[in-house]
Amino acid sequence: MWQPNFITTVLLAIPIYSTSAFQIKRSISEISTHYDYIIAGGGTSGLTVADRLTAAFPSRSVLVVEYGQLANGTDVLRPVVNVRKPEYRFSIQSQPEPGLNGKQFQATVGKVVGGCSAINAQMFDRGSAADYDAWAEVAGQEYADAGWSWEGLLPYFKKSVTFTPPSAADVETYGYTYDVDAAYGGNGSIQASYPPFQWPTEKVFRSAWEDLGVPIQKEAAGGSAFGVTWLPSSQDPKTQTRSYARTGHYDPVADHPNYHLLLGHKVIEVILDKVNEGERQYNARGVRVQPVTGTNVTTIDIASGEEVILASGAIHTPGILQRSGVGPADVLKAANVNIKVELPGVGQNFQDHPYTNLSYIWPFTLSGGNSGAFLPLSLLTNRTATLLANISSDLPGSYLPNQTDDSIIKGYMYQLNSMKNLLSSSEAAAFEYPIGTGAMVALLKPLSRGHVNIDPLDPLAEPLISYRAFSHPVDMIMFVEGAKVFRRLYATPSAGVLGAVELAPGQSVQTDEEWAEWLRNKILPSFYHPVGTASLGPRRRGGVVGPDLRVHGVFSLRVVDASVMPLIPGTHTSSTVYAVAEKAADIIIRDSEGDDENI
């Protein structure tokens, strides 16, 4: 780590926190102007890293800056989806989507202490081993050596969670399976469990998928997330309430005297000083913060003695970097931001899981369940070889916006090659079909790439979001195959007992062209899984952070959230974000150990 000058270091050694156990702050007048670690974002990753740092370094101060507030009611704790509550989430309108008939959509992320883990559907599963091995493949050998692969991440998946097996009676009633030794075995802060109830249709559809030849997995969390699998919930089995970043990583340490949580504020930029040492041109010496409400909006600069850590998610982390002068030159110039580190990958490589619902009617009450079918492409169609032949990596720039930087194009070429391997594998899912939710289908391996950039007319406003969904034509061809499978599913002997009738798209839709036309009007580009906008990878491949998660070209600045994922895994992303954050915390602690004697 680059060290600040001696005078600054001595000043930062002075204790700047109160001995009071009440460490929640709501005004900049209540906080210090100096902290050792400053974390931008009090969501899933930010609270995880803050928890680990305050425990590892009790003599060092940690500040978490969070846009939202504490949700102290019981509605967040209830095991339901809170994604539609405006007080808990950002809802940012996207740019028009040409691939979806020019429509605009709402990008939704958490705006509350705990972030997206406070509002999600509590699906706490992991992707296949191949999904994470692909991260190392597209980023390069240096990243593989640093453990950005399934083998390197599995210990952190285990560390993050405490899994409580279901009762013997529930196993007998519902057929739950699991393998604690292979997939869990940790004593982590987040609770995972199976609920003591499932709707009758759960068994019906599990059997129906088996009728189609889909394998039934005993345990998906051990790297086998393909076939029909059980999905634990991030739920405390003792209280049957949501287990999320606040309950797991903030409440237990909220009284630590070295930990301040500033609510209702946002980090608008990182303060960078010129240093010109080797490949790094700047040092992050602090952040600029402002309140999110009020008529007299003032800003304050807060110095960091050790590091600035960005944990604001794939939607907001790139904006902080870009406003700081770190990002694509054309984006910064358009916004009149002084270019400090030209880093073309910031805000690019944006990915999510597009999904839609078909409509069937039958005489059963529907509700969410705890299992899903995760299907490789080969289980959906006999056209796999033809589809893969259409994924060209020879001219990857043709699927990206005009004038895309060469480094982004090169990185995308590596991604397309890796995606071919994933889509041809029988052990990596291309589609998810949640069981118990009707007829929902999500594309898990999209080839299209979007971007999230600051607004050139108002860089402090919410970002300009472009999913660019279905800009790669193979995505729609695959999605048609993924949607058509429902007709085969409902025709199986197991599903036949439901007597279901297809309402939408209906029997008037038969050809692939008719399916594609119907889907363009029905698909949503986001399953609430945004990733990739500050991804792992070398600069020459469009990467933003190194194997140690430090931003290229800057000392003392790291990213620890979902934006570092170079490829979106075939799973709900909550569990993966925790694993990334746990690994990030270990890296930061490792790099910082021994510094106490220099403070």
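**Exercise 1. How much space lies in the second largest pocket? Describe its lining.**

Set-up: this is a predicted model, where local features need pLDDT of at least 70, side-chain atom pairs count only at pLDDT 80 or more, and totals for chains, interfaces and linings use all residues. Residues are numbered from 1 along each chain as its sequence is written, and side-chain values use heavy atoms, without hydrogens and water.

Step 1. The space is about 630 Å³. A pocket is an open set of points on a 1 Å grid over the protein atoms alone, with protein on both sides within 12 Å along at least five of seven lines; lining residues have an atom within 4 Å of a point. Points are joined across faces, edges and corners, and the volume is the space filled by probe spheres set on them.

Step 2. Of 34 lining residues, Pro 344, Gln 348, Thr 404, Asp 405 and Ile 408 are the closest to the centre of this pocket.

Step 3. Helix H13 (406-424) gives the most to this lining, with 4 residues.

Step 4. The lining splits into 13 nonpolar, 15 polar and 6 charged residues. Ala, Val, Leu, Ile, Met, Phe, Trp, Tyr, Cys and Pro count as nonpolar, Asp, Glu, Lys and Arg as charged, and the others, Gly among them, as polar.

**Exercise 2. At what angle do helix H2 and helix H17 pack?**

Step 1. H2 (residues 44-56) and H17 (residues 574-592) pack at about 35°, with axes 9 Å apart. Axes are lines fitted to C-alpha atoms over the stretch in contact; angles run from 0 to 180 degrees between N-to-C directions.

Step 2. List contacts (heavy atoms within 4.5 Å). Those in H2 include Thr 48, Arg 52 and Leu 53; those in H17 include Tyr 578, Glu 582 and Ile 589.

Step 3. This contact has 9 nonpolar, 3 polar and 2 charged residues.

**Exercise 3. Find two backbone exceptions.**

Step 1. Most residues other than glycine have a negative phi, and most peptide bonds are trans.

Step 2. Ala 504 and Pro 505 are joined by a cis peptide bond, with omega about 10°.

Step 3. Asn 101 has a positive phi of about 60°.

Conventions. Helix = DSSP H or I, 4+ residues; strand = E, 2+ residues; numbered from the N terminus. 1 Å grid on protein atoms, 1.4 Å probe; cavity = no way out; pocket = protein on both sides within 12 Å on 5 of 7 lines; lining within 4 Å.
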